[in-house]
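Welcome, and thanks for taking a look at this one with me.

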Amino acid sequence: MLDTVPKVHDENRQGEAIAPQAGDTRTYAKKFYIESYGCAMNFNDSEIVASILNKEGFGATRDVEEADLVLLNTCSIREKAEQTVRKRLTEFKSIKKAKPGFLVGVLGCMAERLKSKFLEEEKLVDMVVGPDSYRSLPGLIEEASTGQKAINVLLSREETYADISPVRLNSNGVTAFVSIMRGCNNMCSFCVVPFTRGRERSREPQSIIEEATDLFQRGFREVTLLGQNVDSYYFVDEQRDETVTFALLLEKVAAISPLLRVRFSTSHPKDITDEVILTIARHENICNYIHLPVQSGSNRILQLMNRTYTREWYKKKVDRILELIPDCGLSTDVITGFCTETEEDHQETMDIMNYARFDLAYMYAYSERPGTLAARRYRDDVEADVKKRRLAEIVALHRTHTLASMQKDVGKTFKVLIEGTSKRSENDLFGRNDQNKVIVFPKGEHKKGEYVMVKVENCTAGTLLGKVVEG
């Protein structure tokens, strides 16, 4: 079930170790173990890494003790994640002492910033590999096996891994992420992504269509198109003499089959266009749900964050989305306690949340990240207890909005894609409706991957409860 606790990512998946691929009967001489932290992009990257390692004769394991290679796919978005990764690396160090040939590596966003610490100072790892360097893993593993420290953290202006089919590990077999672009050109002052993932580059559209088509043919019924800012997707296809924008890409993926649901994440408020919104409205299988991070409701703070829009502009964008898609679900990200934030700034954030009444919000206190523009330009001067109190107020307000939003759906009937068995009861199934709300209902004769019509009979602040009706 969904909840509304403060979070940046899916906290239930942080540190998740990927499982062996379902139905893979091959015997592997070597085993790899990957833990992933951070956003959906990182989990998708772990699937790309798994595909590369499979071709090198490595099979996945969830038992670190039987692994020959341990990799942590890391996130730099907040300090807590880095502390967790360092703690895990220290634990792996003790295994390494007792197991000759045991290799440990760090992947992803922490690689560039902490490469010297991990390799030389603390001697916690054998390899450090940046997010654009996964193709070099086989050579780096070979180098590390000789006792050398192996490193590649070079950023690329071209790498999209378009030709690598991710191994769908830990998959429910129904929903999947498809990466459409990498990097980010938006220099938000609080964000480390442009420095860890490089500049924006869009993946060749035909490879995206082929991957999504293959997923559908294998029984998947929903894809989420991923990018740091999907609305910036732009590819000039010279072979087909076609310029593909994000709106056109959505059209192409939706055209694969009416049975394939399409979602996307994340949109930057300044870039989502009427063309994209109207494309969603035209297609029944493109979900009426948009993640639109606001970050703050204060114009002064938004300017310090380099968000390039005002609170007034953001409100008009919300109005326009709901004008064109009246039942559109909206979610957001909110940072509390950013540098110099005052009580007045905080109240303006509360005001914009009251205005938009988001169905879901990822809310967290500001955590200064080394290397960002904010770390270089501003002082992190809001006291920790003030950040905590303001965050609690934002969370409490958001809970009232989510509960009211859920209550409005009681009595309504929704088309639901079944994703699996409810975590709370083996007798119940769960899925999501168009607006990304979780609905739990009695299992009956139904199974995951099916579409069913569910009438909502009750709710909590995070979950709709109902029963299947004839559709």
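1. What percentage of the 471 residues in the protein do buried residues make up? In this predicted model, the share is 55%.

2. Let's start with the overall build. There are 13 helices and 22 strands in the protein. Its radius of gyration is 22 Å, close to the 23 Å given by the globule rule for 471 residues, so the protein is as compact as a globular protein of that length. Along the principal axes, the C-alpha atoms fill a box of roughly 65 × 55 × 50 Å. Of the contacts between residues at least 6 apart in sequence, 72% link residues at least 24 apart.

3. Next, have a look inside. The largest nonpolar core holds 52 residues, and those touching the most other members are I180, L225, F246, L249, L250, V253 and I290. Helix α7 (residues 246–254) gives this core its largest share, six residues. Apart from this core lies another, of 24 residues, including L137, L140, I141 and A144.

4. F246 deserves a click of its own. Leaving aside residues up to four places away in sequence, F246 touches I180, L225, V230, D231, Y233, F264 and V276.

5. Finally, visit the second largest pocket, with a volume of about 440 Å³. Its lining has 22 residues, and C328, D359, S405, K408 and K437 are the closest to its centre. At least two lining residues come from each of β16 (329–336), α11 (343–356) and α13 (384–409), with α13 supplying the largest share, five residues. By type, the lining has nine nonpolar, five polar and eight charged residues.

Definitions and conventions
Residues are numbered from 1 along each chain as its sequence is written. This is a predicted model: local features need pLDDT of at least 70, side-chain atom pairs count only at pLDDT 80 or more; totals for chains, interfaces and linings use all residues. Side-chain values use heavy atoms; hydrogens and water are left out. A nonpolar core is a set of buried Ala, Val, Leu, Ile, Met, Phe, Trp, Tyr and Cys residues joined through side-chain atoms within 4.5 Å. Buried means under 20% relative accessible area, exposed over 50%, partly exposed in between (1.4 Å probe, protein chains only). Helices (H or I, at least four residues) and strands (E, at least two) are DSSP runs, numbered from the N terminus. Contact means heavy atoms within 4.5 Å. On a 1 Å grid over the protein atoms alone, a cavity is a set of points where a 1.4 Å probe fits but cannot get out, and a pocket is an open set with protein on both sides within 12 Å along at least five of seven lines; lining residues have an atom within 4 Å of a point. Grid points are joined across faces, edges and corners, and a volume is the space filled by probe spheres set on the points. Ala, Val, Leu, Ile, Met, Phe, Trp, Tyr, Cys and Pro count as nonpolar, Asp, Glu, Lys and Arg as charged, and the others, Gly among them, as polar. The radius of gyration is taken over C-alpha atoms; the globule rule is 2.2 Å times the number of residues to the power 0.38.
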